[in-house]
Amino acid sequence: MDEVFMDQIMYVVHQVVSWIASFAIVFGGVVPYIPQYRDIRRTQNAEGFSTYVCLVLLVANILRILFRFGRYFETPLLWQSIIMIITMLIMLNLCTNVRMATELNTKRRSFTDFDWNYFWFWSRFVDYLQCVLAFTVLAAYVTYLLLDSVLFVESLGFLAVFTEAMLGTPQLYCNYQNKSTEGMSIKMVLMWTSGDTFKTGYFLLTQAPMQFWICGLLQVCVDFAILFQVYYYSLYPQKPISHTTHTTSAKAL
């Protein structure tokens with residue numbers, strides 16, 4: 001009797017832990033952007049945040065959703081991608097509004113200009129939506145045509161998680177160009193690091209496809225590199241490089 005009771009207790013505990021882990025996986029990825037969102041709203045300055053982070057996460061999560069059509073993975077990871085896409089669109093909307101409010105004399109650019117010199121540097125949020133929609137339709141069409149190819153499906157999965165693993169590189173480069181981490185939310189990076197560590201462990205424990213945990217480890221390494229920048233530039237402050245051209249002034253976008 002006691003043995004049956006203990007088995008039931010262990011089952012309930014296992015279920016509760018599983019639900020908590022799933023909840024953390026679904027929503028944990030967006031938590032780091034809450035302090036960054038609040039900082040941008042409060043200061044009305046988006047210069048310290050690279051919107052290429054949004055681009056990386058949008059591409060990665062769209063590809064991950066398409067990957068699921070070819071190879072099944074756990075539902076919490078699917079919902080994580082959906083929630084992350086929504087979050088990145090919210091961040092893009094805020095950054096675009098703030099930038100346009102502070103650059104009133106800047107020439108307006110749009111997605112339909114098809115000017116690659118100003119890619120991801122558009123004036124309206126709707127232009128970003130058009131770009132994301134165009135990419136999604138094209139990627140979905142290619143996936144539909146090649147879904148029976150195991151090589152394509154596995155490559156798609158690797159590309160999805162590898163793109164996400166490169167999440168921190170725009171911020172890493174932005175900090176390097178600025179010779180400073182000013183304007184970047186350190187809380188965000190600390191949450192990135194803890195979240196990516198937890199996520200990688202989750203991949204290993206749930207036996208997710210190999211692409212997931214290999215790229216998860218890479219992502220953790222990039223997070224630690226950004227934390228090293230925080231330490232280095234606080235210990236050895238350096239004068240930011242002056243930017244006079246568009247290509248360099250777009251460092252934080």
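Predicted model: local features only at pLDDT ≥ 70, side-chain atom pairs only at ≥ 80, totals over all residues.
Q: Why is Trp-120 called buried?
A: Buried requires a relative accessible area under 20%. Trp-120 has 1%, so the residue is buried. Its place is in the loop between helix 4 and helix 5.

Q: Which residues touch the most other members of the largest nonpolar core?
A: They are Tyr-33, Phe-49 and Trp-120, in a core of 57 residues. Two or more residues of this core come from each of helix 1 (2–28), helix 2 (33–43), helix 3 (52–70), helix 4 (75–102), helix 5 (125–146), helix 6 (150–165), helix 8 (186–205) and helix 9 (210–235). Helix 4 gives the most, with twelve residues. As a general matter, nonpolar side chains in soluble globular proteins tend to be buried together.

Q: What makes the phi of Trp-120 worth noting, and which value does it take?
A: Phi of Trp-120 is near 65°, a positive value in a residue other than glycine. Most residues other than glycine have a negative phi. Gln-44 also has a positive phi, of about 55°, although it is not a glycine. Gln-44 lies in the loop between helix 2 and helix 3.

Q: Why is Gln-44 called partly exposed?
A: The class lies between the buried limit of 20% and the exposed limit of 50%. Gln-44 has 41% relative accessibility and therefore counts as partly exposed.

Q: What makes Thr-143 a buried residue, and which residues does Thr-143 touch?
A: Its relative accessible area is 5%, and the limit for buried is under 20%. Thr-143 is therefore buried. Its place is in helix 5. Not counting residues up to four places away in sequence, Thr-143 touches Leu-66, Phe-152 and Leu-156.

Q: How do you know that Met-6 can belong to a surface patch, and which residues make that patch?
A: Patch residues need over 30% relative accessible area. Met-6, in helix 1, has 44% and is partly exposed, so Met-6 passes this cut-off. The nonpolar patch, of about 550 Å², is made by Phe-5, Met-6, Ile-9, Met-10, Val-13 and Val-17.

Q: How many of the residues count as buried, and what supplies the exposed area?
A: Of the 253 residues, 45% count as buried. The protein exposes about 14300 Å², of which carbon and sulfur atoms supply 68%. Among contacts with a separation of 6 or more, residues 24 or more positions apart account for 76%.

Definitions and conventions
Residues numbered from 1 in each chain as written. Heavy atoms only, no water. Core = buried A, V, L, I, M, F, W, Y, C linked by side-chain atoms within 4.5 Å. Buried < 20%, exposed > 50% of the residue type's maximum accessible area, 1.4 Å probe, protein only. Helix = DSSP H or I, 4+ residues; strand = E, 2+ residues; numbered from the N terminus. Patch = residues over 30% accessible without salt bridge, like charges linked within 9 Å, V, L, I, M, F, W, Y side chains within 5 Å. Areas by Shrake-Rupley, 256 points an atom, 1.4 Å probe, with all protein chains shown as cover. Salt bridge = Lys/Arg side-chain N within 4 Å of Asp/Glu carboxyl O. Contact = heavy atoms within 4.5 Å.
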